[in-house]
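Here are my notes on this one, as numbered points.

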Amino acid sequence: MSNKKYKAYTLQNFRTLPQIQNISEEQKFSMEVVGHVFPLKSNNYVVEKLIDWDKVPHDPVFVLTFPQKEMLNFLHFEKMAAALRKGSNKQEILDTSNKIRVELNPHPAGQVDQNVPSLNGQKLKGVQHKYPETVLFFPCQGQTCHAYCSFCFRWPQFVWSNDLKFAGKETEQLIEYVHNHPEITDILITGGDPLFMNTNNLSTYLKALLKTATPNLSTIRIGTKVLGYWPYRFLTDSDADELLALFKEVTLAGKHLAIMAHFNHPRELKTNAVKEAISQILKTGAQIRTQSPLLAHINNDPKIWSEMWNEQVKLGCIPYYMFLVRDTGAQHYFGISLAEAMDIYQKAYRSVSGLSRTVRGPIMSCTPGKVQILGINEIYGEKVFVLQFLQGRNPDWVRRPFFAEYDEKAMWFDDLKPAFGEDKFFFEKNTDNIKFSCADSQKELWKKSFAFS
Ligand SMILES: *Cc1c(COP(=O)(O)O)cnc(C)c1O
Ligand code: SF4
């Protein structure tokens with residue numbers, strides 16, 4: 001395969017794309033308006049190999065990386081459009097963007113203040129520890145991606161350069177932390193996209209993890225969208241071979257290397273480049289598990305999911321999670337109701353073989369944990385959602401089915417009420433029962449802000 005040169009399309013240059021020329025000026029302006037609030041980045045692979053330009057503006061992969069007018073509500077859109085139309089200066093435009101951004105719940109599920117652990121009394125930057133067995137690491141060079149998903153819940157870190165984003169550099173501290181916490185078996189390296197980093201930088205982190213005596217650590221996971229957005233990372237990038245060799249080194253060292261691949265649409269699995277990249281990764285002894293949110297305008301159809309899971313299994317990947325869209329940014333545009341999500345999951349799940357049924361969903365990642373909708377049922381005449389925790393701040397909560405009143409319109413956990421006239425869910429009854437706490441202040445915070453977010 002010839003060397004593929006990466007080219008990004010952003011707010012500054014997307015109008016130069018030949019494919020964009022058929023789109024109306026009004027729509028281009030809309031993209032610009034929304035692109036001033038949410039980050040805009042696509043690239044030549046997405047544009048040339050994934051988007052079906054005959055179907056634009058409704059093409060799902062077009063919607064995936066190019067901003068859509070309805071991602072902003074009417075008032076926000078008009079405010080931003082007015083600022084651009086009257087030719088405001090840079091600072092005025094930025095002020096307008098930022099005012100809108102803070103109204104879009106930029107940090108759901110207590111990401112910034114609740115999950116940051118401490119080591120020797122110091123906050124560990126770039127680390128989150130919410131569930132006992134898995135610690136999240138955000139290496140600073142991996143806090144961007146080869147393209148930005150329009151629905152991304154990490155959008156604030158791409159538009160605000162420093163204060164609110166978490167990104168760590170201190171590997172030694174991370175290793176000491178893992179060493180001091182024998183309950184940790186997994187590190188999940190995440191971003192952004194850690195595979196945006198060059199191999200050299202990634203290797204510094206991984207080799208440090210391998211070299212140090214952390215026998216409790218059995219799995220290194222890498223959360224990435226690079227297979228979907230830039231498979232050449234494993235094929236023709238200048239350090240592609242070194243990356244594959246590094247993967248092999250990890251697996252030969254006896255650690256399980258799990259690539260947590262993010263795919264939103266079956267089209268991302270159809271190019272020769274992605275197929276070849278998957279095959280190269282599997283040859284290193286790593287495994288690929290897949291996940292995606294369920295998204296209106298992109299993949300809210302059971303056929304899309306069954307096709308995606310079948311294709312993944314055929315290529316040797318393991319379907320893992322189906323998420324619901326988080327309550328941030330453009331949730332009103334991409335989100336679908338819990339009832340519809342359950343219906344899509346169930347229909348897709350029923351139509352695939354057991355090998356695809358490793359996938360668990362639909363899941364909401366909320367402050368108290370990962371909540372899965374198990375189904376909808378009627379108990380003594382009351383229609384209910386049956387739910388369970390797949391992960392909980394208190395591990396005792398996991399896999400205890402519980403019930404919420406059925407609500408056709410509910411889109412997130414905080415829309416739900418306990419069923420059968422109860423005033424609280426079981427885990428809300430005693431806040432002192434939170435056993436696991438990585439941050440000393442967590443329980444206090446939890447009591448203060450009991451609301452789900
Ligand atoms: C999902 C998630 C994990 C990993 O959970 P698994 O069930 O092991 O995949 C770890 N930490 C956080 C904060 C998460 O949201
Ligand atoms: S690849 Fe992941 S982190 Fe990057 S923009 Fe998409 S959803 Fe967000």
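1. Pocket terms to begin with. On a 1 Å grid over the protein atoms alone, a pocket is an open set of points with protein on both sides within 12 Å along at least five of seven lines, while a cavity is a set where a 1.4 Å probe fits but cannot get out; lining residues have an atom within 4 Å of a point. A molecule sits in a cavity or pocket if more than half of its atoms lie within 2 Å of its grid points. With that in hand, ligand 2 takes up the space of the largest pocket.

2. Some housekeeping. This is a predicted model, so to speak of local features we need pLDDT of at least 70, side-chain atom pairs count only at pLDDT 80 or more, and totals for chains, interfaces and linings use all residues. Residues are numbered from 1 along each chain as its sequence is written, chains are lettered from A and ligands numbered from 1 in the order in which they are written, and side-chain values use heavy atoms, with hydrogens and water left out.

3. Who is around ligand 2? The shell consists of Cys145, Tyr148, Cys149, Cys152, Phe158, Gly192, Lys225 and His262, where near means that a heavy atom of the residue lies within 4 Å of the molecule. Sorted by class, that gives five nonpolar, two polar and one charged residues. The classes are these: Ala, Val, Leu, Ile, Met, Phe, Trp, Tyr, Cys and Pro are nonpolar, Asp, Glu, Lys and Arg are charged, and the others, Gly among them, are polar.

4. Besides belonging to the shell of ligand 2, Gly192 is joined to Gly191 by a cis peptide bond, with omega near 20 degrees. Gly192 sits in the loop between strand 7 (186-189) and helix 8 (199-211). Helices (H or I, at least four residues) and strands (E, at least two) are DSSP runs, numbered from the N terminus.

5. Asn198 counts as partly exposed at 37% relative accessibility; the scale is buried under 20% relative accessible area, exposed over 50%, and partly exposed in between (1.4 Å probe, protein chains only). Setting aside neighbours within four places in sequence, Asn198 is in contact with Arg233 and Asp239, contact being heavy atoms within 4.5 Å. Between Asn198 and Gln173, 25 residues apart along the chain, the C-alpha separation is 22 Å.

6. Now Glu268, in the loop between strand 9 (256-262) and helix 11. Is Glu268 buried or exposed? Buried, with a relative accessible area of 1%. Beyond neighbours within four places in sequence, its contacts include Lys225 and His262, two names that also turn up around ligand 2. Leu50, Leu64, Gly228, Phe263 and Val274 are in contact with Glu268 too. Met308 is 40 residues from Glu268 in sequence, and their C-alpha atoms are 9.0 Å apart.

7. The other cis bond I'd check joins Gly361 and Pro362, with omega about -20 degrees. Pro362 is in strand 12 (residues 360-365). Gln372, from strand 13 (residues 369-379), is in contact with both Gly361 and Pro362, and its partners outside four places in sequence also include Arg360, Ile363 and Val386. Gln372 is buried, at 7% relative accessibility.

8. Asn105 is not a glycine, yet its phi is positive, about 45 degrees; Asn105 is in the loop between helix 5 (90-102) and strand 3 (118-119) and is partly exposed at 33%. Phe420, also not a glycine, has a positive phi of about 60 degrees. Phe420 lies in the loop between strand 15 (402-405) and helix 15 (442-448), partly exposed at 40% relative accessibility.

9. Finally, the overall picture. The chain has 15 helices and 15 strands. Its radius of gyration (taken over C-alpha atoms) is 22 Å, close to the 22 Å that the globule rule gives for 453 residues, so the chain is as compact as a globular protein of that length; the rule is 2.2 Å times the number of residues to the power 0.38. The C-alpha trace spans about 60 × 55 × 50 Å along its principal axes, and 59% of the 453 residues count as buried. Of the contacts with a separation of 6 or more, 72% are between residues 24 or more positions apart.
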